[in-house]
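Biologist: I am new to this structure and would like a close look at its pockets. Could you walk me through what lines them?

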Amino acid sequence: MDEGRPIFLQIAEQIENSVIDGSLAEEAQVPSTNELAAFHRINPATAAKGVNQLVDDGILYKKRGIGMFVSPGAQAKLRQRRRDQFAEQYLRPLLAEAAKLGIDGTELTTMIEQHLVKERQR
């Protein structure tokens with residue numbers, strides 16, 4: 001757990017990550033709030049707040065008396081949301097700095113491709 005962020009958000013993000021990477025498939029049951037609370041040694045209400053946020057976002061849905069399940073289309077929805085966040089958090093500043101330095105789109109693409117090749121060689 002990251003001390004700098006609310007625990008309920010971290011619980012929600014962990015579940016989101018499991019949906020994105022496929023370890024929690026659509027229509028799969030997610031751990032109960034009590035299971036999450038016991039595993040992370042937190043208050044069940046805190047775990048419930050993270051799970052309920054995902055319900056509000058349409059990522060999970062409740063089957064009364066059974067538990068929480070991953071909604072159909074949740075993986076695609078999360079990937080799109082994360083891509084949008086990625087663009088806002090990383091691409092916007094990258095493009096602004098490139099513009100300041102006079103780097104055009106072609107040169108920027110070349111730079112990215114060169115760095116990808118270097119990363120693959122590591």
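**The pockets, one at a time**

Modeller: Happy to! Let's start with the second largest pocket, where α1 (7-20) and α4 each supply at least two residues of the lining. Please keep in mind that this is a predicted model. The biggest contribution to this lining is that of α1, with four residues. The volume of the second largest pocket is about 150 Å³.

Now for the largest pocket, which has a volume of about 180 Å³. Its lining is made up of 15 residues, and those nearest the centre are Pro-31, Ser-32, Thr-33, Gly-67 and Met-68. Two or more lining residues come from each of α2 (33-40), α3 (44-56), β1 (60-63) and β2. Among these elements, α3 provides the largest share, three residues. By class, the lining of the largest pocket holds seven polar, six nonpolar and two charged residues.

Ser-71 sits in the loop that runs between β2 (67-70) and α4 (74-101). Ser-71 counts as buried because its relative accessible area is 9%, and the cut-off for buried is under 20%. Apart from neighbours within four places in sequence, Ser-71 is in contact with Glu-26, Gly-58, Ile-59, Leu-60 and Tyr-61.

How values were computed. Residues are numbered from 1 along each chain as its sequence is written. This is a predicted model: local features need pLDDT of at least 70, side-chain atom pairs count only at pLDDT 80 or more; totals for chains, interfaces and linings use all residues. Side-chain values use heavy atoms; hydrogens and water are left out. Buried means under 20% relative accessible area, exposed over 50%, partly exposed in between (1.4 Å probe, protein chains only). Contact means heavy atoms within 4.5 Å. On a 1 Å grid over the protein atoms alone, a cavity is a set of points where a 1.4 Å probe fits but cannot get out, and a pocket is an open set with protein on both sides within 12 Å along at least five of seven lines; lining residues have an atom within 4 Å of a point. Grid points are joined across faces, edges and corners, and a volume is the space filled by probe spheres set on the points. Ala, Val, Leu, Ile, Met, Phe, Trp, Tyr, Cys and Pro count as nonpolar, Asp, Glu, Lys and Arg as charged, and the others, Gly among them, as polar.
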